[in-house]
Amino acid sequence: MATTVQDLAEMAGDEEITMLTAYDAPTAAIVDEAGVDVILVGDSMGNAVLGHDSTLPVTVSEMQSRTAAVARATGDAMVVADMPFLSYGVDEGEAVENCGRMLKEAEANAVKLESGPHTVELTERLVDLGIPVMAHLGLTPQRVNQLGGYFRQGTDEESAGEMLELAKAHEEAGAFSLVLEHVPSNVAAQITEAIDIPTIGIGAGPDTDGQVLVLNDVFGLSDRSPYFSEQFGDVKSEMERAVAGFREAVESGEFPAEEHSYSEDEIDEIY
């Protein structure tokens with residue numbers, strides 16, 4: 001059975017929660033088999049796999065398709081669908097329907113909302129309907145045009161205090177966990193201490209209840225990675241070697257070899 005909301009609550013403060021993104025079945029299977037607790041089908045797919053320069057163009061249909069692929073390949077990890085820009089926050093009924101599709105049709109276990117004052121009531125409504133919600137505060141990439149870039153958030157007492165109040169509001173609304181992105185470590189630590197739901201940090205220091213990274217950064221597939229990420233492998237070099245090896249083998253005539261094909265002896269000539 002997949003990791004549940006209750007499992008994460010029990011882990012908080014006792015075991016570190018691990019979360020990685022995945023956008024397709026093969027990589028989801030690798031992440032799941034490694035024992036990662038949560039797989040986030042992030043709207044970061046816009047940058048990571050769809051060729052966009054931001055998360056904003058990602059559609060509900062793309063998120064649903066990718067989430068379904070990840071869910072089909074996952075047995076133990078919780079699968080969380082990241083709701084795309086303008087899929088919520090405009091009309092409550094449409095937002096509920098979009099989030100519901102991720103559970104009902106794509107078989108996600110929960111949804112994630114880039115949060116603010118406008119998502120408190122929606123979080124409560126979704127939770128009332130049985131849709132678990134992961135909140136997200138700090139750097140929220142869907143607001144890149146408003147923020148003017150991907151800058152650290154909560155860097156003064158006023159904005160840090162507002163973030164804390166929003167964290168408490170989303171906890172009260174029923175969110176089961178909170179992502180804190182690109183905020184000072186001491187701010188993340190204080191928010192973690194102040195709320196009971198698990199916090200999962202990305203660029204938020206070591207004192208959150210867990211950590212999340214974008215898989216492309218972990219694999220070494222990103223051209224540029226944020227300073228708070230870590231490359232744990234060099235998959236890009238392996239892929240480049242494999243592709244170059246295929247091309248060279250075909251051009252030299254080494255592939256396909258005799259063992260890669262067969263002939264039908266009963267066929268002498270085709271007319």
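This is a predicted model: local features need pLDDT of at least 70, side-chain atom pairs count only at pLDDT 80 or more; totals for chains, interfaces and linings use all residues.
Axes here are lines fitted to C-alpha atoms, for helices over the stretch in contact, and angles run from 0 to 180 degrees between N-to-C directions.

Let us start with the overall picture. The protein has eleven helices and eight strands. Along its principal axes, its C-alpha trace spans about 80 × 40 × 35 Å. Of the 271 residues in the protein, 47% are buried. Contacts tell us about the chain as well: among those with a separation of 6 or more, 57% are between residues 24 or more positions apart.

Now for the helix pair. Two packed helices are described by the angle between their axes and the distance between the axes. Helix α6, which covers residues 120–128, packs with helix α8, residues 157–173, at an angle of about 20 degrees. The axes of α6 and α8 are 8 Å apart. Angles under 35 degrees count as roughly parallel, and α6 and α8 are therefore roughly parallel to each other. As for handedness, α6 passes α8 in a right-handed crossing.

E181 lies in strand β6, which runs over residues 177–181. Is E181 buried or exposed? Its relative accessible area is 11%, and the cut-off for buried is under 20%, so E181 counts as buried. What surrounds E181, leaving aside its neighbours within four places in sequence? The residues in contact with E181 are H136, L137, G138, L139, P141 and I202. With H136 there is also a polar contact, made between the side chain of E181 and the side chain of H136 at 3.0 Å.

H182 is not a glycine, yet it has a positive phi of about 55 degrees. At 8% relative accessibility, H182 counts as buried.

L86 also has a positive phi, of about 65 degrees, although it is not a glycine. L86 is found in the loop between β3 (78–82) and α5 (92–104). Its relative accessible area is 52%; since exposed means over 50%, L86 is exposed.

Next, have a look at helix α9, residues 185–194, where A189 has its place. A189 is partly exposed, with a relative accessibility of 22%. How far apart are A189 and G205 in sequence and in space? They are separated by 16 residues in sequence and by 7.9 Å from C-alpha to C-alpha.

One last stop concerns the backbone. The peptide bond from F255 to P256 is cis, with omega near 0 degrees. You will find P256 in the segment after α11, the helix at 235–252.

Methods
Residues are numbered from 1 along each chain as its sequence is written. Side-chain values use heavy atoms; hydrogens and water are left out. Helices (H or I, at least four residues) and strands (E, at least two) are DSSP runs, numbered from the N terminus. Buried means under 20% relative accessible area, exposed over 50%, partly exposed in between (1.4 Å probe, protein chains only). Contact means heavy atoms within 4.5 Å. A polar contact is a pair of N or O atoms within 3.5 Å; within protein, one must be able to donate a hydrogen and the other to accept it, and residues adjacent in sequence count only if both atoms are side-chain atoms. Angles under 35 degrees count as roughly parallel, over 145 as roughly antiparallel, 65 to 115 as roughly perpendicular and the rest as oblique. A crossing is left-handed if the near helix is turned anticlockwise from the far one by less than a right angle, and right-handed if clockwise.
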